[in-house]
Amino acid sequence: CIVDFMSGDCSLKNSGLNPQMLKLKLIFKENKDVCFLSIIVPKDSISFEDKKEMEGKKDPDDSSTYFVTGNLNLIYTLLKEGLLLDIHQPLPSNEKPKFLERIVLLDKKQKIRGYYNRITQFSIDSLAGDVLLLLASDK
């Protein structure tokens with residue numbers, strides 16, 4: 001599973017995968033073993049209506065893409081303890097969290113296989129290659 005992060009200052013209605021994730025989706029669109037998970041990280045707290053709108057939502061055009069959100073403290077715990085990202089909470093209001101630039105690759109057993117920068121093409125190419133290696137090793 002390829003996990004990325006989106007800032008909670010956007011709602012699901014106007015959010016979407018970043019351009020690099022869209023490229024990856026095109027590469028693996030025929031492979032049902034590859035899923036995409038976008039964790040929407042709320043800025044402060046999230047309203048019940050927004051949470052209901054986003055929680056566990058699939059991309060209507062693609063069943064391999066999921067959008068999830070939830071309680072800010074639980075998300076930070078997941079990022080820090082589950083995905084082992086360097087998280088400092090609370091952040092100053094003018095600081096953009098560094099993890100928003102990250103993509104995490106998980107294997108079928110939810111083991112972390114790599115961290116990638118979502119900005120650079122080199123990193124995205126490395127991620128695509130690593131996904132192909134994981135897929136080949138599962139066969």
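Gln110 is exposed, with a relative accessible area of 60%, where exposed means over 50% relative accessible area, buried means under 20%, and partly exposed lies in between (1.4 Å probe, protein chains only). This is a predicted model, in which local features need pLDDT of at least 70 and side-chain atom pairs count only at pLDDT 80 or more, while totals for chains, interfaces and linings use all residues. Residues are numbered from 1 along each chain as its sequence is written, and side-chain values use heavy atoms, with hydrogens and water left out.

The place of Gln110 is in the loop between strand E5 (102–106) and strand E6 (112–117); helices (H or I, at least four residues) and strands (E, at least two) are DSSP runs, numbered from the N terminus. The two strands form a hairpin with five residues between them, and within that hairpin Gln110 takes a positive phi near 60 degrees, a positive value in a residue other than glycine.

When its neighbours within four places in sequence are left aside, Asp107 is in contact (heavy atoms within 4.5 Å) with Arg113 and Leu134.

## Strand E5 and its partners

Four of the five residues of E5 are buried, so this strand is largely enclosed by the rest of the structure. E5 is joined to strand E1 (residues 2–7) by three bridges, the two running antiparallel, and to E6 by five bridges, again antiparallel; two strands pair if DSSP finds at least two bridges between them.

Ile103 of E5 takes part in both pairings, being the bridge partner of Asp4 and having Tyr116 as its bridge partner in E6. In a regular strand the side chains alternate between the two faces of the sheet.

## Helix H3

The buried residues of helix H3 (residues 72–82) are Leu72, Ile75, Tyr76 and Leu79. They cover an arc of only 100 degrees around the axis, which puts them on the same side of H3, the arc being that of the directions from the helix axis to the C-beta atoms. An α-helix has 3.6 residues a turn, so residues three or four places apart point the same way.

What covers the buried residues of H3 includes E1 and strand E2 (36–41), whereas the face turned away from the buried side carries the exposed residues Leu74 and Glu81. H3 is followed by Leu84, whose phi is positive, near 55 degrees.

## The chain as a whole

The chain has four helices and six strands, and from the N terminus on its elements run β-α-β-α-β-β-α-β-β-α. Of its 139 residues, 39% count as buried. Among the contacts in the chain with a separation of 6 or more, 61% are accounted for by residues 24 or more positions apart.

The chain exposes about 8600 Å², of which carbon and sulfur atoms supply 53%; accessible areas come from the Shrake-Rupley method with a 1.4 Å probe, and for residues only the protein chains shown count as cover.
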